[in-house]
Amino acid sequence: MNIALAGNPNTGKTSLFNILTGSYEYVGNWTGVTVEKKVGVLKNKVGRLIDLPGIYSLNPLSRDEGVATQFLLSEDFSLILNIVDAAQIERNLYLTIQLLEYGRPMVIGLNMIDVAKSRGFQIDAKNLSKRLLGSPIVPIVARTGKGCDQLAANFQAMKERKVEPLFIDYGPELEQAVGTLIERLNHVELPSKRWMALQFFEGNSLVRELLQKHIASSELTALFEQTEQQVISGKTGIKNLQQHIRSVRGDVIRAILSDCLTRTKEVEYTFSETVDQIVTNKYLGIPIFLLFMFLIFKFTFDWVGTPLSDLLDAFFSGPLTEWLTQALVAVGASDFIQAVLLNGIVAGVGGVLVFVPQIFMLFFLISFIEDSGYMARVAMVMDKLMEMIGLNGKAFIPMIIGFGCNVPGVMAARTIEQPKERLLTIILTPLMSCSARLSVYSLFVGAFFTQHQALIVLSLYLLGIVVALGLAKIFSSTLLKQSSSMFVVELPPYRFPQWRTLMRSTWEKGKGFIRKAGTFIFGGSVVIWFLSYAGPGGLNVDMNNSYLAMIGGLIAPLFAPLGFGTWQAGAALLTGFLAKEVVVSTMNIIYVAPDLATLQGTMANFYSPLSAYSFMVFLLLYVPCLATVAVIKKETASARWTWFSIGYALMIAYLIALMIYWGGKFLGFQ
Amino acid sequence: MLINILLGVLIFGYAGWTLYRFVRKSKEGKCAGCSIKNSCKSACDAQLEEQKAPL
């Protein structure tokens with residue numbers, strides 16, 4: 001026996017699936033979409049459970065959502081297990097009704113019954129079951145497994161039962177059209193013709209595709225339009241068939257609930273709803289988001305991160321260097337070995353490692369915001385803005401992920417259905433300032449903007465967002481014109497994140513940074529040091545005559561108009577293409593400084609605050625790192641778009657850094 | 001002298017190896033080149049290339 005598990009998103013479907021099944025029999029993808037298909041064997045061995053993607057309605061908004069309809073149309077199953085969130089019962093029953101119209105035996109798990117009770121919902125399950133064709137309804141708490149055994153006990157008996165589809169009267173005009181369509185389908189074998197007809201009139205594109213195999217497309221269109229005309233004429237407030245069907249179903253649901261649902265207390269607003277009224281407010285939403293970002297950087301730089309970094313720096317430049325020198329002298333290491341270890345590795349790797357506290361602080365706060373439920377609100381708040389520029393709120397999620405690392409950000413764009421929106425998101429996500437770039441900002445703001453560290457870094461992050469949005473507008477109205485798509489996001493209730501989970505996800509995100517320091521940054525530092533040590537004149541040359549100076553000097557004149565035309569800047573930017581943290585290593589090596597404070601002092605000879613800011617802006621935008629370029633290539637499967645994403649980034653970085661440098665000069669900044 | 005050669009080989013050998021590995025992994029793109037691959041819930045599940053919607 002095959003049982004289909006269906007329900008709205010975030011109703012505890014996965015928890016229920018895990019409780020009812022022992023192990024996965026199959027995990028893969030539904031054909032044609034990137035939605036995971038899970039099949040498991042029920043613990044009581046009566047059959048297999050197939051997990052359908054969470055949906056609000058069988059009429060799909062996107063291809064991913066079409067999976068459930070496709071399943072009903074083409075696969076063999078004997079029972080539907082519908083999970084219903086008792087606390088959101090009115091919305092959940094909309095799907096239940098559509099499934100009942102299909103006409104298969106159904107068992108309903110009424111989940112989160114505890115939450116519903118606390119909100120004052122009392123649901124008469126017996127009565128509700130009667131109203132829903134006698135489908136057994138079992139109150140459960142999927143999170144803890146309470147009631148799930150009783151739920152499973154119903155499967156065997158229900159499978160045998162013959163059920164008629166639920167009949168709802170949609171009014172004479174529509175009923176007549178449904179009758180006509182069913183008659184036209186007389187000669188074909190199809191599951192549940194009335195259901196198909198209703199789905200067709202509701203605008204379900206998958207059902208329409210199937211019907212077109214039997215009835216000419218023009219005939220279907222004519223029938224649809226004619227019916228729509230008849231149904232909406234004379235009705236106020238109803239603009240199309242879909243709306244009419246929705247409103248009839250809504251009335252039915254309300255009638256059912258008026259019999260089966262009593263509210264023992266009136267809870268005006270839940271805590272989450274009250275908070276949402278403020279944080280997703282039309283005018284306050286974005287300022288509140290900005291305020292949160294500002295606080296994040298205050299914590300990361302001023303309040304917690306920098307003091308810790310200073311301690312770490314004191315340790316590297318003090319005791320660690322001392323011990324290492326003594327040990328090297330004791331074993332009789334040559335000057336060359338001493339130099340590569342102290343001026344190359346300790347400077348390069350240590351220079352990056354001192355920023356570990358800041359990176360971890362940032363990751364901790366990002367994890368906090370993710371786990372608390374605010375992240376979903378950010379996407380919603382940004383949706384309005386994103387719509388104006390030809391994207392939607394969904395595209396903002398890959399961008400937020402890009403703040404951690406651009407690579408998963410680019411990959412997260414896969415969730416976007418519209419191909420052009422996805423491409424646009426892929427090529428713009430690298431403009432989001434990733435955590436690797438943070439180490440470079442840390443170095444520069446510590447040197448030039450001690451008083452306003454958080455504000456300067458915030459401005460860079462915002463610049464990344466603003467440039468991305470601006471380019472999205474330009475690209476979507478020129479290169480990538482497209483039809484708009486819709487964005488639906490489920491807002492989970494707010495909660496205080498668990499410390500354990502927070503710590504773990506911070507560590508998971510941050511440990512890659514430490515590992516990179518021990519591997520790639522190490523290797524990079526040795527090579528960069530060697531290039532600065534050797535030159536055409538042999539080894540141990542003056543650094544200005546080294547190979548590194550020659551390479552950096554080649555491109556340095558290009559950067560002169562931006563305020564940083566030194567070979568050091570050129571060399572740092574070149575190495576930064578491999579990974580942005582390497583810029584910090586390179587600077588530590590070429591400015592030969594024993595500690596952070598001295599380095600920052602030395603840098604003051606080469607940069608003014610204005611040219612330092614221009615440098616940071618250039619670094620933010622100039623080119624995605626090697627790993628990101630590779631993932632763009634993989635995801636777009638196009639060399640042309642990959643080169644485009646490098647090329648436009650270089651141009652825009654140069655242009656904006658130029659504007660900032662000269663604009664700043666014009667305004668009298670130094 | 002011996003200690004110098006030993007340290008030199010260790011340092012430069014390890015450096016060369018890490019660089020080689022980094023460039024190879026980065027070119028693979030995807031999860032291999034990603035610094036948060038272990039915690040990433042968004043895209044690193046086993047999705048097959050051909051099942052991706054075409055651009």
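I began with burial: 58% of the 670 residues of chain A count as buried (under 20% relative accessible area, with a 1.4 Å probe and protein chains only).

I noted that this is a predicted model, where local features need pLDDT of at least 70, side-chain atom pairs count only at pLDDT 80 or more, and totals for chains, interfaces and linings use all residues. Residues are numbered from 1 along each chain as its sequence is written, chains are lettered from A and ligands numbered from 1 in written order, and side-chain values use heavy atoms, without hydrogens and water.

I looked up the elements next. Chain A has 31 helices and nine strands; these are DSSP runs, with at least four residues (H or I) for a helix and at least two (E) for a strand, numbered from the N terminus.

I checked contacts (heavy atoms within 4.5 Å). In chain A, of those between residues at least 6 apart in sequence, 73% join residues at least 24 apart.

I then took the extent. Along the principal axes, the C-alpha atoms of chain A fill a box of roughly 90 × 50 × 45 Å.

Last, I searched the whole structure for cavities and found four of 30 Å³ or more. A cavity is a set of points on a 1 Å grid over the protein atoms alone where a 1.4 Å probe fits but cannot get out; its volume is the space filled by probe spheres set on the points. The largest cavity holds about 210 Å³. It is lined by 14 residues, and those closest to its centre are A:Phe289, A:Met293, A:Ile296, A:Ile366 and A:Phe403; a lining residue has an atom within 4 Å of a point. H14(A) gives the most to this lining, five residues.

Definitions and conventions: Buried means under 20% relative accessible area, exposed over 50%, partly exposed in between (1.4 Å probe, protein chains only). On a 1 Å grid over the protein atoms alone, a cavity is a set of points where a 1.4 Å probe fits but cannot get out, and a pocket is an open set with protein on both sides within 12 Å along at least five of seven lines; lining residues have an atom within 4 Å of a point.
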